[in-house]
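Here are some short notes on how two parts of this protein meet. Please read them with the model open.

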Amino acid sequence: MERLQKIISARGVTSRRNAEKLIVEGKVKVNGVVITELGFKTSPDADIEVNGKQTTKNNEKFYYLFNKPRLVLTTMYDPKQRKTVADYFKDVPTRVYPVGRLDYDVSGLIIMTNDGEFANFVMHPRYEFFKTYQGLCKGKVSKQQVNQLLKGVKIEDDYFTKAIQAELLNYDQEKDQSIIEMTIAEGKKHHVKQMFSAIEANLMKLKRTKIEFLEVDDLEVGRYRELKPHEVKKFYGIYQSTKRKEDLKIK
């Protein structure tokens, strides 16, 4: 017997937190009976409906690395009918959902899965998984500005944050544009954008190029690939490593 929200999450319907909300709202049925108790436990093979739809008992897990385009929502449904990440996964054998978020106007890597336990693990702030971004800025970003990202800046509500790594990758004198690469181990709303704003850099475009060891490489925008079993497993060992603890000492 397992908690209902855990089973719903494991079936790839939604996150465990959102499953709890749906239960409280009376939108979940187990064997035809509406359940509103968060502590309710049932068999992993029970018949479960969420929002009137039967959930699948298929226990096969799927993991994809997706290169999200700009102007695509990191959600499975948009009432305004804007494009979402779900539009790119209509041909996969089960419903998958995004692990974390990328802003509507930000492109780059995001993991999609139906494994709720894995999604919750990767998103949990305790583990501080590294994410690398490249920002295209108008004008020349100075060495002092880049160093300030490493020393630390204050963003909303006077929250102090540092980059794990930051450097000027390129300055195009003709276009008067800079490309800054930055790695962070946090993920507040608009976190990276606020850091650029804090150093008074004129950010034009932003993309996520790495999630830990996963790199964009030759994965085209709007395309995805399956994660290999060893890549999924590697996430569970990263935060325990000595190197990771040493890397985080600079924060």
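**Notes on the domain 1 and domain 2 interface**

1. Start with the charges. The rule finds one salt bridge across the interface of domain 1 and domain 2. Its partners are R16 and E117, whose side chains come to 2.1 Å, N to O. Keep in mind that this is a predicted model.

2. Polar contacts come next. Between domain 1 and domain 2 the count is one residue pair in polar contact, with both residues at pLDDT 80 or more.

3. Which helix gives the most to the side of domain 1 that touches domain 2? Helix α1 does, residues 4–10, with three residues. By class, that side of domain 1 has four polar, three charged and two nonpolar residues.

4. Now the layout. The protein is divided into three parts: domain 1 spans 2–54, domain 2 takes 63–126 + 214–243, and domain 3 covers 130–211. The centres of domain 1 and domain 2, taken over C-alpha atoms, are 23 Å apart.

5. How many residues are in contact? Nine from domain 1 meet seven from domain 2.

6. On area: the size of an interface is often given as the accessible area lost when the parts come together. Here domain 1 and domain 2 bury about 570 Å² between them. Carbon and sulfur atoms give 36% of that area. On the domain 1 side, S9, G12 and R16 supply 52% of the area buried against domain 2.

Terms used: Residues numbered from 1 in each chain as written. Predicted model: local features only at pLDDT ≥ 70, side-chain atom pairs only at ≥ 80, totals over all residues. Heavy atoms only, no water. Domains from an automatic or database assignment. Contact = heavy atoms within 4.5 Å. Buried area = accessible area lost by both parts, 1.4 Å probe. Salt bridge = Lys/Arg side-chain N within 4 Å of Asp/Glu carboxyl O. Polar contact = N/O pair within 3.5 Å; in protein donor to acceptor, adjacent residues only side chain to side chain. Helix = DSSP H or I, 4+ residues; strand = E, 2+ residues; numbered from the N terminus. Nonpolar A, V, L, I, M, F, W, Y, C, P; charged D, E, K, R; others polar.
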